[in-house]
Amino acid sequence: MRRLKQSGFNLIEVMIALVVVSIGLLGMAILQMTSLQQNQSAYHRSQATLLAYDITDRMRANMDEVDTGSYFAASGALTSDCISYTGSASGCTPAEMAAHDLAEWQASLVNELPEGSGRVCRSDVDANLVVLDAEIANPPCAANNSNNPVVVYVWWNDEKSASGATTQFSVSTEL
């Protein structure tokens with residue numbers, strides 16, 4: 001009896017193994033990409049937290065101007081020219097120092113966060129602290145003469161997140 005020899009069976013096994021390995025590598029690449037996106041988002045949240053605490057620390061150093069409302073300006077670029085070229089703030093009045101603090105804080109928001117913006121105000125305790133996209137320029141804030149806690153709002157474009165929407169972050173603190 002003569003045996004017939006099978007041919008090509010090993011080639012099919014190799015091709016199937018190649019497809020399985022390719023799918024596994026594709027899955028690893030997607031996992032790596034998602035990890036990088038989430039890492040960037042976490043970095044922005046960390047920066048937002050540091051920047052929120054930065055302005056609250058500056059406010060603690062200048063409490064008289066917190067009481068007068070100098071720190072509760074609307075979001076946007078502010079200017080201050082009380083700082084000399086040497087970086088010394090010794091010639092500033094407390095009001096000028098508040099304007100300088102806000103100007104530096106706003107500049108840091110723009111530099112550290114994509115499309116970064118922020119605002120400091122007294123919390124409107126009756127309002128929900130989650131600010132809608134339509135309210136970003138004007139979050140729910142109480143009058144300065146209230147005894148409500150100070151809230152720091154920080155926004156940025158979190159384009160790397162799954163939603164791709166503007167992310168809002170707020171820190172409420174007692175000064």
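This is a predicted model: local features need pLDDT of at least 70, side-chain atom pairs count only at pLDDT 80 or more; totals for chains, interfaces and linings use all residues.
I started with strand β1 (residues 117–123): 7 of its 7 residues are buried, so β1 is largely enclosed by the rest of the structure. Buried here means under 20% relative accessible area, exposed over 50%, and partly exposed in between, with a 1.4 Å probe and protein chains only. Strands (E, at least two residues) and helices (H or I, at least four) are DSSP runs numbered from the N terminus.

Residues are numbered from 1 along each chain as its sequence is written, and side-chain values use heavy atoms, with hydrogens and water left out.

Next I looked up the partners of β1. Strand β3 (residues 150–157) runs antiparallel to β1, joined by 6 bridges; I found V120 bridged to V152 in β3. Strand β2 (residues 141–142) also pairs antiparallel with β1, over 2 bridges, and there R122 has A142 as its bridge partner. Pairing takes at least two DSSP bridges between two strands.

Then I checked aromatics and got 1 pair. The ring centres of Y153 and W155 are 5.7 Å apart and the planes sit at 10°, so I logged the pair as stacked. The cut-offs, for rings of Phe, Tyr and Trp (its six-membered ring), are centres within 6.5 Å, with planes under 30 degrees apart stacked, over 60 edge-to-face and the rest tilted. Y153 and W155 are both buried.

Last, I looked at I16, which is in helix α1 (residues 9–60). I16 is exposed, at 53% relative accessible area.
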